[in-house]
Amino acid sequence: MMKINSNSVIKSTVTVIWLIVAMTLLSEVSGPFKSLLIQIGSHHWIGKGIVSMVVFVVTYLLFSKSKEPESILSGAIAVVGSAVFGALIIFGFFIWHFVSG
């Protein structure tokens, strides 16, 4: 049975958070990119989810041999910080998009 590497999970999670932020913004400003996501999964949200799952698995496998951290606290902070900061970026983008017309 494969032992889960927490360092790899943390790195993969942070990578996917920023990938989702980038794909969200890009799909709002690029019709062709949004169309590509639709082709992948019949709706751009589903396409984003499929791409995210694939990237998570690939990055997990790439980092799976990395050394386990002494404490996962710094990794947890990185995950939460990425999620909060990424959400603020998306929220700010949509506020700017709404205000600028």
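This is a predicted model: local features need pLDDT of at least 70, side-chain atom pairs count only at pLDDT 80 or more; totals for chains, interfaces and linings use all residues.
Buried residues make up 28% of the 101 residues. The C-alpha trace spans about 50 × 30 × 15 Å along its principal axes.

The protein contains four helices and zero strands, and its elements run α-α-α-α from the N terminus on. Among contacts with a separation of 6 or more, 78% are accounted for by residues 24 or more positions apart.

The packing of helix 2 against helix 3 was examined next. Two packed helices are described by the angle between their axes and the distance between the axes. Helix 2 (residues 31–41) and helix 3 (residues 44–63) pack with their axes 7 Å apart and at an angle of about 75 degrees. Angles of 65 to 115 degrees count as roughly perpendicular, and helix 2 and helix 3 are therefore roughly perpendicular to each other. On the side of helix 2 the contact is made by K34, L37, I38, I40 and G41, and on the side of helix 3 by H44, I46, G47, K48, I50 and V51. The residues of this contact divide into six nonpolar, three polar and two charged.

A pair of aromatic rings is described by the distance of the centres and the angle of the planes. A search of the whole structure finds three such pairs. In the pair of W18 and F85, the ring centres are 5.9 Å apart and the planes stand at 65 degrees; planes over 60 degrees apart count as edge-to-face, so the pair of W18 and F85 is assigned to that class. This pair links distant parts of the chain, with W18 in helix 1 (residues 6–29) and F85 in helix 4 (residues 73–99), 67 residues apart. W18 has 31% relative accessibility and counts as partly exposed; F85, at 49%, also counts as partly exposed.

The pair of F93 and W96 is tilted, with 5.9 Å from centre to centre and 45 degrees between the planes. Both residues lie in helix 4, three residues apart, which is about one turn of the helix. F93 counts as buried because its relative accessibility is 13%, under the cut-off of 20%. W96, in contrast, has 53% relative accessibility and counts as exposed. Ring pairs link F93 and W96 with F94 into a cluster.

Key: Residues are numbered from 1 along each chain as its sequence is written. Side-chain values use heavy atoms; hydrogens and water are left out. Rings of Phe, Tyr and Trp (its six-membered ring) pair if their centres lie within 6.5 Å; planes under 30 degrees apart count as stacked, over 60 as edge-to-face and the rest as tilted. Helices (H or I, at least four residues) and strands (E, at least two) are DSSP runs, numbered from the N terminus. Buried means under 20% relative accessible area, exposed over 50%, partly exposed in between (1.4 Å probe, protein chains only). Axes are lines fitted to C-alpha atoms, for helices over the stretch in contact, and angles run from 0 to 180 degrees between N-to-C directions. Angles under 35 degrees count as roughly parallel, over 145 as roughly antiparallel, 65 to 115 as roughly perpendicular and the rest as oblique. Contact means heavy atoms within 4.5 Å. Ala, Val, Leu, Ile, Met, Phe, Trp, Tyr, Cys and Pro count as nonpolar, Asp, Glu, Lys and Arg as charged, and the others, Gly among them, as polar.
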